[in-house]
Amino acid sequence: MSWTPMPGSASTSARRRRPLGRSCWNGVAGKDAAIVTLTERIDEEFFAAAGPSLKVVANVAVGFDNIDLAAAARHGVTVTNTPGVLDGATADHTFALILALGRRIVEADRFIREGNQWVWGPRMFVGLDISAGATLGIIGLGRIGMAVARRARAFDMRVIATDATRPLGSTVEGVEIVSQEELLVSADVVSLHVPLLPSTRHLINREALAAMKPGAYLVNCARGGIVDEQALIEAIDSGHLRGAAIDTFEGEPHVNPELIARPQVVLTPHTASAGEATRDRMCRLAVDNVLAVLAGREPLTPVKTA
Ligand code: GLV
């Protein structure tokens, strides 16, 4: 039995040195297991390069849009992910972005660092009154969405959410379940917590952005492909949206320079789950999944492939 982490998985500096490419699949030939990260595209070509020995691909991420599940099923390979262990860290980061956006922390920090002269004034860097009646709209009330909701409730926000599994009009832990239409027109901050699927690609498109409350903010700690980035930039430039916080990008790791150029946009490099212990737990869970499969047991957190 043998398994190796995918080359290039270990560090961002390694990724910077060597562009991601098919050549890195050479190392997987003949292996029993592969531990991969969300930057690796695990597709037919990967499974062909691995050959018939491969039994399990363990993604060090809860999202698995980087893996072709149908190809995994065709090759009889088990796929696992890391749900549950990163909810708190991801929700912490999401809420940090909500606070940073609403209270313009990054803009204000930049203002000071640039050496601008200033005296205190009552309208200086005014922003969203988060705990004085602001409404948070959560698209996707799964584990992470719910963890964000709990933080928002602790800040006295009104919280509304879309959730396919709960009836419209119901309330769960103080969160009102509403339609997406109602959420977009009502929320001061819209935060995305759905997986990237064909049905959620560009869920936040030009129409959805136009439907948002004027002056609202968008936060995306889910997957870049859920938002039409060009349409988002236009919505910010027109003044319809006041700002956005983005942790995940459409062309990741490339970041659209137009986003970088806009001071109303807060950017982090897909680090929402980057708590030290959380990342350890994610890696540990991936390893435990591999060990379980190679020992002939059920994996702890399998992804349904067929
Ligand atoms: C991170 O984005 C993850 O899916 O775990």
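Two strands count as paired here if DSSP finds at least two bridges between them, and strands (E, at least two residues) and helices (H or I, at least four) are DSSP runs, numbered from the N terminus. The model is a predicted one, in which local features need pLDDT of at least 70 and side-chain atom pairs count only at pLDDT 80 or more, while totals for chains, interfaces and linings use all residues. Residues are numbered from 1 along each chain as its sequence is written, and side-chain values use heavy atoms, with hydrogens and water left out.

On one side, β6 pairs with strand β8 (residues 175–177) in the parallel sense over three bridges, and I160 sits opposite E176 of β8. Strand β5 (residues 135–139) also runs parallel to β6, joined to it by five bridges; here I139 faces T162 of β6. As for cover, four of the five residues of β6 (158–162) are buried, buried being under 20% relative accessible area, with a 1.4 Å probe and protein chains only.

Next comes the ligand. Its surroundings, meaning residues with a heavy atom within 4 Å of it, consist of L38, A61, V62, G63, L86, R223, H270 and M282. Sorted by class, that shell holds five nonpolar residues, two polar and one charged, with Gly counted as polar and Arg as charged. From H270, a polar side-chain atom lies 2.6 Å from a ligand oxygen. The protein covers 90% of the 190 Å² of accessible area that the ligand has on its own, by the Shrake-Rupley method with a 1.4 Å probe.

Finally, there is T301, found in the loop between α11 (276–294) and β13 (302–303). T301 is buried, since its relative accessible area is 14%. A polar atom of its side chain lies 2.7 Å from the backbone oxygen of N81. The T301 side chain also makes a polar contact of 2.8 Å with the side chain of N289. Such a contact is a pair of N or O atoms within 3.5 Å; within protein, one must be able to donate a hydrogen and the other to accept it, and residues adjacent in sequence count only if both atoms are side-chain atoms.

Methods:
Buried means under 20% relative accessible area, exposed over 50%, partly exposed in between (1.4 Å probe, protein chains only).
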